[in-house]
Amino acid sequence: MPKYTVSEIAHIVSGDLIGATKAVVTSLFFDSRNFADNRNSMFVAIKGERHNGHDFIFKMYDEGIRSFLISELRPEYVKLKGASFIAVSNSLEALQAMAAHHRSKFKIPVVGITGSNGKTIVKEWLSVSLSARYNVVRSPKSFNSQLGVPLSVWMMNDANTYAIFEAGISLPGEMANLEKIIQPTEGIITNIGEAHQEGFKNIEKKLK
């Protein structure tokens with residue numbers, strides 16, 4: 001699994017490190033309802049349309065989390081003894097930068113799969129087919145969004161000899177972000193159809 005100190009992460013994302021500086025991070029998560037190893041997990045506080053991850057910092061601290069990536073440095077956080085905060089202007093962009101940096105450390109084949117439909121089933125089929133010869137890391141479930149892709153790429157480790165990641169978009173410009181994170185050596189387009197068309201002027205714009 002990945003292993004970075006909070007100081008290394010702060011340097012990668014050009015963030016301000018407040019609090020403890022020697023904590024080690026091996027896993028990342030953004031959903032306060034779903035996390036694994038709390039001792040070495042970092043909570044990424046994302047501002048969404050309906051929820052703001054910064055509202056759950058104290059809850060996560062009570063659950064044992066001590067490392068946080070934030071874009072709102074609230075005064076009350078100083079009460080959390082032993083915690084590490086990396087403050088950035090945009091926590092999603094910082095997460096993507098972390099994943100892109102992590103990806104750049106590997107020289108293995110990396111397949112990027114996109115398309116209007118069929119990404120997940122093609123990814124799973126390829127993974128099963130290739131696992132007989134390679135140690136394959138792949139996107140969990142349908143983690144193919146601006147948030148899901150960096151969390152998928154973060155799973156890469158030294159034991160892997162092949163990687164397969166999905167990339168899904170709903171707006172122009174999003175694929176450029178995902179390409180920087182995945183850095184594919186090979187690409188697959190399953191199809192270009194009407195799914196997720198709302199953000200595009202026409203099918204040609206989506207294809208581009």
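Asn160 is buried, with a relative accessible area of 7% (buried means under 20%, with a 1.4 Å probe and protein chains only). This is a predicted model, in which local features need pLDDT of at least 70 and side-chain atom pairs count only at pLDDT 80 or more, while totals for chains, interfaces and linings use all residues. Residues are numbered from 1 along each chain as its sequence is written, and side-chain values use heavy atoms, leaving out hydrogens and water.

You will find Asn160 in the loop between helix 5 (148-153) and strand 10 (162-166); helices (H or I, at least four residues) and strands (E, at least two) are DSSP runs, numbered from the N terminus. The side chain of Asn160 reaches the backbone nitrogen of Asn157 at 2.8 Å.

Five strands form an open sheet in the order 2-7-6-5-4, with mixed pairing (two strands pair if DSSP finds at least two bridges between them). Strand 2 (16-19) and strand 4 (27-29) each have a single partner strand, so one side of each is left without a neighbour in the sheet. Strand 6 (residues 67-70) and strand 7 (residues 84-87) run parallel and are joined by four bridges, with Ser67 opposite Ser84.

Next comes the largest nonpolar core, which has 19 residues: such a core is a set of buried Ala, Val, Leu, Ile, Met, Phe, Trp, Tyr and Cys residues joined through side-chain atoms within 4.5 Å. Helix 1 gives the most to this core, with four residues. Ile9 is among the residues with the most contacts inside the core.

Note on methods: Buried < 20%, exposed > 50% of the residue type's maximum accessible area, 1.4 Å probe, protein only. Polar contact = N/O pair within 3.5 Å; in protein donor to acceptor, adjacent residues only side chain to side chain.
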